[in-house]
Amino acid sequence: MFHNSSQNKFWIFDNEHSLEELRCEANRKYRSKMLASLKPGVSESLFLEPHEEEIIFRHYEKRLMDFCNAFKPAMPKSVVGTAVMYFRRFYLNNSLMEHHPRTIMLICAYLSCKVDEFNVSSTQFVGNLVQESPAGQERALEQILEYELLLIQQLNFHLVVHNPYRPLEGLLIDLKTRYPPLENPESLRKSADDFLTRATMTDAGLLFTPSQIALTAILNSASRAGLNMESYMTQCMGLKEDKETLSKMYDIMRRMKNLIKKYELPKPEEVNVYKQKLERIHAEFASTSKRKRGYEDDGHVAKEPRLTEEVGQYHVTYLQNKKP
C-alpha cells in the first residue's frame, strides 16, 4: 500500500523549492570536493551551474524515455515510469558532473526491468543498442556490475515505485460503475495517458501521490472534452461536506497542471554547449581510464526502435545469469 511505502515516507516532498535546494546542494558538494582535491588556481567556471545541470538532466531524461518507448519487446508503462523515477531520485543528491547521466540513465532502465519483473534476457536488452561488439558488451557488463550497486545505494534501497497507472485504471472502473452521468469513461483514457506521460517528465512524482496524479489526469481529460465532473468529486468521492479537503485537492490539481504546463525541453544549442562542458569535466576529473571509457562522442536516439549509440558508451547490459 502506498500509505505505508518508502515512497510516501521518504520520496514525497513539500514543494519545488525543497527539490531545488537538494539539487543545488549536490552541485555545491561536488564543486567543493573537486576544488579541495585539485591544484590551486582551478577556476570554478569549469564546473556546471545548477541551471546548466538541469538542462543536461532534461536532455538525458528525454533520451531515457525515448529508449524505453522504443524498446523491443514493448516495455510496460510502469517499467518506464519506474526508470524515470529512479533517474530523478538519483540526481536529487548527486551531481551530473560526478556520475555521467549517459551511464546512469540506462542502468535505471535495467534496474527497473528487474524490479518490475519485466523479464528480458541480456541479449534482448543489448539488442536494443546498435553497433556493439563482443568486447564492448564485456566492458558494459563490468560497468553495470560497478554502477548498479551505486544506484541502489543512492536510492536508499527503496526500489518499489508506485506509479499512477494503476490508480488511473481504478478510477476508470469507478467511473463506469458509480458515475452514470459519464456515458463513456473510456473516452477519457487517451488524454489522461498523455497527461501521465507529461507528468513523468516533471517533478510531479516527487511532489504528489500517484492517486492525486491519476485523478488530476482524469479531470483534466474531462475538462479538455468539455465535461464537468465536479459532481464526481462531491458525491462519489464523498467530499460534498468536506470543503477543506475539496479545496486542498483543487489546489493540488492547480499546482500539478502549472508544473506540467511550464515544463519545456531544452534548446538543442544550449544542450550542445553544456554537454561539451560536461564532457570536459569528466575527461579532466575522471580518476581512472576505465571510467573515462564511454564518455566519448554522444550519439542520438533514432526514430526507429533502436538506440544508435555504441553499447560501450552506455555501460548497460543484463547480468550474466540472465543470459538465455
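Me: Is Phe-157 buried or exposed?
Reply: Buried means under 20% relative accessible area, exposed over 50%, and partly exposed in between, using a 1.4 Å probe and protein chains only. Phe-157 has 55% relative accessibility, so Phe-157 counts as exposed.

Me: What kind of model is this?
Reply: Residues are numbered from 1 along each chain as its sequence is written, and side-chain values use heavy atoms, with hydrogens and water left out. Local features need pLDDT of at least 70, side-chain atom pairs count only at pLDDT 80 or more, and totals for chains, interfaces and linings use all residues, for this is a predicted model.

Me: Where is Phe-157, and what is its phi?
Reply: Helices (DSSP H or I, at least four residues) and strands (E, at least two) are numbered from the N terminus. Phe-157 sits in the loop between α7 and α8. Phe-157 is not a glycine, yet its phi is positive, at about 60 degrees.

Me: Which value does phi take at Glu-117?
Reply: Glu-117 lies in the loop between α5 and α6 (122–126). Glu-117 is exposed, with a relative accessible area of 62%. Its phi is positive in a residue other than glycine, near 55 degrees.

Me: Which residues does the cis peptide bond join?
Reply: Look in the loop between α3 (50–69) and α4, where Pro-73 has its place. With omega about 0 degrees, the cis bond joins Lys-72 and Pro-73.

Me: How many helices and strands does the protein chain have, and what share of its residues is buried?
Reply: The secondary structure comes to 16 helices and two strands. Of the 324 residues in the chain, the buried share is 51%.

Me: Which residues touch the most other members of the largest nonpolar core?
Reply: A nonpolar core is a set of buried Ala, Val, Leu, Ile, Met, Phe, Trp, Tyr and Cys residues joined through side-chain atoms within 4.5 Å. In the largest one, with 91 residues, the answer is Phe-87, Leu-175, Ile-218 and Met-229.

Me: Why is α4 oblique to α5?
Reply: Axes are lines fitted to C-alpha atoms, for helices over the stretch in contact, and angles run from 0 to 180 degrees between N-to-C directions. Under 35 degrees counts as roughly parallel, over 145 as roughly antiparallel, 65 to 115 as roughly perpendicular and the rest as oblique. The axes of α4 (residues 77–90) and α5 are 8 Å apart, at an angle of about 135 degrees. That makes α4 oblique to α5.

Me: How do the residues of the contact of α4 with α5 divide?
Reply: Contact means heavy atoms within 4.5 Å. Among the residues that meet are Tyr-86 and Phe-87 in α4 and Ile-104 and Met-105 in α5. Ala, Val, Leu, Ile, Met, Phe, Trp, Tyr, Cys and Pro count as nonpolar, Asp, Glu, Lys and Arg as charged, and the others, Gly among them, as polar. The contact of α4 with α5 has 13 nonpolar, two polar and no charged residues.

Me: At what angle do α9 and α11 cross?
Reply: These are residues 189–200 and residues 210–224. Their axes come within 8 Å and cross at roughly 130 degrees.

Me: How far is Pro-164 from Ala-214 in space?
Reply: Pro-164 is in the loop between α7 (134–154) and α8 (165–178). Pro-164 is buried, with a relative accessible area of 12%. Pro-164 touches Ala-214, among others. The two are 50 residues apart in sequence, but C-alpha to C-alpha they are separated by 5.3 Å.

Terms used. Lists of a residue's contacts leave out its neighbours within four places in sequence.
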